Every structure is written in structure tokens, then in C-alpha cells.
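I opened my notebook to look up a few things in a protein model. Come along and check each entry against the picture.

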Amino acid sequence: MLDQERMPRHVAIIMDGNGRWAKKRGMPRKFGHREGAKTFRAITRHAKALGIQYITYYAFSTENWKRPKDEVDAIMDLFEKYLDEVRDFIEENIRVRFIGDRTRLSENLQRKMASVEEDSKNFDSMTLVLAINYGGRDEICHAAKTLAQQVKEGKLEPEDITMDMIERNLYTEEIPPVDLVIRPSGEQRLSNFMIWQAAYAEFYYTNILWPDFKGSDLDKAVIAYSERNRRFGGV
Ligand code: IPE
Ligand code: IPE
Ligand code: MG
């Protein structure tokens with residue numbers, strides 16, 4: 001059914017609606033996050049079966065620290081637990097990468113992230129990117145600081161700064177631009193996700209809450225994408 005020629009190479013998903021999913025069931029929000037983590041696993045396998053080459057998930061934003069401490073703690077605990085499960089993807093030849101500012105995460109988590117990245121770096125069936133403590137503005141600011149430092153050290157002239165250089169200093173170095181952004185839960189906004197990389201992405205919104213999101217919903221998004229006419233400013 002799916003035309004391989006018109007498949008998105010890089011799909012980015014904003015995993016939203018976990019809290020509402022739990023609330024609807026009279027449960028604390030953290031149960032929604034736990035359920036959402038299961039969806040993440042299932043959708044990753046489905047994406048691989050579809051032949052998607054890069055899949056990025058927004059798991060925790062630089063703004064999510066504003067949430068109550070017990071919710072943030074529960075999410076961080078889930079990351080610790082799930083990183084062990086992300087390891088299973090290594091057996092499926094999936095390369096794992098993390099984007100975001102790691103310095104605010106626990107040392108244990110940072111260690112686990114580095115080790116999964118290292119152990120999976122040569123795998124090539126698909127690249128799985130997890131955005132943890134990620135913010136698009138933070139990322140661009142970080143790239144600006146790196147380039148400014150090079151200017152200060154006399155290694156770079158300000159007028160020689162190119163878009164390509166900025167791109168190479170983003171967390172997504174060597175990851176292609178986003179083709180398709182999927183946001184479940186009914187919200188229609190980017191919430192500081194991949195603001196540089198999604199400059200020409202197609203958007204797909206659905207009212208389904210992330211824990212209820214199924215492989216067939218990913219199929220629908222990919223089919224909708226394949227019917228879009230991308231012009232990149234041309235005619
Ligand atoms: C997304 O679900 C998960 C994170 C932001 C960590 P939410 O927790 O935002 O769920 P809603 O939007 O409140 O339903
Ligand atoms: C975006 O969802 C962040 C993640 C899914 C990790 P939010 O729930 O934080 O976004 P807003 O607050 O509704 O814009
Ligand atoms: Mg939300």
C-alpha cells in the first residue's frame with residue numbers, strides 16, 4: 001500500500017497526551033507516562049518495519065521542568081528503566097542517539113545514555129533519536145555559543161558563519177532534516193521541538209492520545225504525508 005518512494009525519511013513524534021489519558025481513567029499522571037513508554041516501543045518497531053530511516057521522539061522538553069517535582073521524578077525514573085529496554089533495540093540493529101542538554105540529567109542517566117550510543121553507533125537498520133531535556137531554542141543558543149567561542153579564539157570570522165555551520169553544531173549533527181512531524185492529543189503546536197530541523201516539515205495532527213496511538217495511526221500519518229506536495233519555496 002505504501003509507496004516507498006514517497007516515504008518520509010525522518011519522522012519526528014511529539015509524544016503528547018499521557019496526562020490526559022491517565023486522568024480520563026482516574027489515575028495519576030505518571031501512569032499515563034508509563035503507558036506512553038509502551039507505545040514508544042511498539043511504534044518504534046512498527047516504524048522500522050515500514051522502512052522509516054530516522055525516528056525522533058520528544059520525550060522531555062526544557063520547559064517540562066516546570067511540572068510538579070513528583071511528576072518530573074516519575075518521568076526521570078521511567079527514563080532510567082526504559083534505557084535498559086532501549087538496549088533491546090541494539091539487538092534489532094537500531095542505532096540510538098540522544099539530543100538535548102544532558103548536563104541537567106542525573107549522572108547515572110548520562111552514563112547509560114553514553115553507553116547505549118556507543119554500543120549502537122555502527123547499526124544501520126534505523127536511527128532512533130530520543131529528545132530528553134531538549135528545546136529547539138536552547139539548541140540554537142548552544143550552537144551560537146560554540147561558534148562565538150571559535151570567533152573569540154580567532155579561528156572563525158563572523159562573516160564566514162554559514163547555515164551549514166550552525167546546522168553542524170546542533171544536537172542533530174548528521175541527522176537529516178525532519179520530513180514529517182506527528183503530534184497526537186489534539187494540540188496543534190511545536191512546543192519548541194526541532195524548530196530548525198522542521199523548517200520545511202509536513203505536519204500531521206490527530207486527537208488520539210499518545211498511549212492509544214497504534215501502528216495503524218502511524219500508517220495513516222505516513223499515507224497523508226505521501227499525498228502532500230512539498231515545494232520548498234519552489235513552484
Ligand atoms: C507528554 O504528555 C509527555 C511529556 C511531556 C513528558 P503530557 O504529560 O504532556 O500529557 P498531557 O498533555 O498533560 O495530556
Ligand atoms: C511537548 O508537550 C513536550 C513533550 C511531549 C515532551 P507539552 O505537553 O509539554 O507541550 P505544551 O505545554 O502542551 O505546549
Ligand atoms: Mg502535554
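**Entry 1: one methionine**

I began with Met113, which touches Leu83, Phe98, Arg102 and Leu105, leaving aside residues up to four places away in sequence; contact means heavy atoms within 4.5 Å. Met113 sits in helix α4, residues 107-120. I noted that helices (H or I, at least four residues) and strands (E, at least two) are DSSP runs, numbered from the N terminus. Is Met113 buried or exposed? Met113 is buried, with a relative accessible area of 1%. The cut-offs are under 20% for buried, over 50% for exposed and partly exposed in between, with a 1.4 Å probe and protein chains only. I also looked up Leu130, 17 residues from Met113 along the chain, and found their C-alpha atoms 9.9 Å apart.

**Entry 2: ground rules**

I wrote down that this is a predicted model, where local features need pLDDT of at least 70 and side-chain atom pairs count only at pLDDT 80 or more, while totals for chains, interfaces and linings use all residues. Residues are numbered from 1 along each chain as its sequence is written, chains are lettered from A and ligands numbered from 1 in the order in which they are written, and side-chain values use heavy atoms, with hydrogens and water left out.

**Entry 3: the cores**

A nonpolar core is a set of buried Ala, Val, Leu, Ile, Met, Phe, Trp, Tyr and Cys residues joined through side-chain atoms within 4.5 Å. The largest one here has 41 residues, and Ile13, Phe40, Tyr57, Ile182 and Leu218 have the most contacts inside it. Helix α3 gives the most to this core, eight residues. I followed Ile182 and found that its contacts include Val11, Ile14, Tyr204 and Phe213, not counting residues up to four places away in sequence.

**Entry 4: the largest pocket**

A pocket is an open set of points on a 1 Å grid over the protein atoms alone, where a 1.4 Å probe fits, with protein on both sides within 12 Å along at least five of seven lines; lining residues have an atom within 4 Å of a point. The largest pocket has a volume of about 720 Å³, volume being the space filled by probe spheres set on the points, which are joined across faces, edges and corners. Of its 32 lining residues, Met15, Tyr58, Ala59, Asn64 and Arg67 are the closest to the centre. Which element gives the largest share of the lining of the largest pocket? I found that α3 does, with six residues.
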